[in-house]
Amino acid sequence: MSTLCLQARRAASATAVAVTATLVLAACGGNSNNGGSAGTSTSATPSGSASAPAGLHNQADVTFAQGMIPHHRQAIVMSDMVQAHSSSGEVKALTERIKKAQAPEIETMTAWLRAWGEPVPRG
């Protein structure tokens with residue numbers, strides 16, 4: 001297996017594990033930021049914010065968005081890496097579609113976090 005493939009697999013695995021672990025900790029009260037279970041840290045969505053989900057949110061919602069934004073950014077990085085090294089037109093076309101699909105997801109979750117007054121991950 002090439003070094004490029006190994007790097008891509010490691011990045012995907014690390015991202016998936018980190019997101020899953022963070023969500024489980026938030027939902028089970030293992031995240032010190034929520035002070036208990038996922039349902040104890042709720043607040044209303046600010047009025048006039050069309051891009052934020054309606055109703056209440058909790059620490060699990062925040063953790064999900066904060067964990068998924070880097071995941072989507074990593075998909076863009078991996079797509080760029082594959083496009084630079086792949087010889088298959090089909091693979092390049094697929095990675096381009098994957099890459100383009102990430103921006104709307106990142107924008108949506110960024111809007112949620114800002115509406116909730118939560119930090120948006122950098123990088």
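Biologist: Among contacts in the protein chain between residues at least 6 apart in sequence, what percentage join residues at least 24 apart?

Modeller: A contact means heavy atoms within 4.5 Å. In this chain the figure is 58%. Bear in mind that this is a predicted model, in which local features need pLDDT of at least 70 and side-chain atom pairs count only at pLDDT 80 or more, while totals for chains, interfaces and linings use all residues. Residues are numbered from 1 along each chain as its sequence is written, and side-chain values use heavy atoms, with hydrogens and water left out.

Biologist: What is the average pLDDT of the protein chain?

Modeller: pLDDT is the predictor's confidence in each residue, from 0 to 100. The chain averages 76, and 55% of the residues score at least 70. Over residues 31-50 the pLDDT is below 50, although this stretch has 38 contacts in the model beyond near neighbours in sequence.

Biologist: In what order do the elements run from the N terminus?

Modeller: Helices (H or I, at least four residues) and strands (E, at least two) are DSSP runs, numbered from the N terminus. Here the order is α-β-β-α-α, with three helices and two strands in the chain.

Biologist: Which residues make up the largest nonpolar core?

Modeller: In soluble globular proteins, nonpolar side chains tend to be buried together. Buried means under 20% relative accessible area, exposed over 50%, and partly exposed in between (1.4 Å probe, protein chains only). A nonpolar core is a set of buried Ala, Val, Leu, Ile, Met, Phe, Trp, Tyr and Cys residues joined through side-chain atoms within 4.5 Å. The largest one here has eight residues: V62, A65, M68, I69, I106, M109, L113 and W116. Helices α2 (59-85) and α3 (89-116) each supply at least two residues of this core. Apart from its neighbours within four places in sequence, V62 touches H57, L113, W116 and E118. Over the whole chain of 123 residues, 28% count as buried.

Biologist: Is H57 buried or exposed, and why?

Modeller: H57 counts as buried because its relative accessibility is 5%. H57 sits in strand β2 (residues 56-57). A polar contact is a pair of N or O atoms within 3.5 Å; within protein, one must be able to donate a hydrogen and the other to accept it, and residues adjacent in sequence count only if both atoms are side-chain atoms. The side chains of H57 and W116 make such a contact, at 3.5 Å. These two residues are 59 apart in sequence, yet their C-alpha atoms are 8.2 Å apart.

Biologist: Which residues is T95 in contact with, leaving aside its neighbours within four places in sequence?

Modeller: They are S79, V82 and Q83. T95 lies in helix α3, and T95 is buried, with a relative accessible area of 8%. E96 is also found in helix α3, but E96 counts as partly exposed at 28% relative accessibility. The side chain of E96 joins that of Q83 in a polar contact of 2.8 Å.
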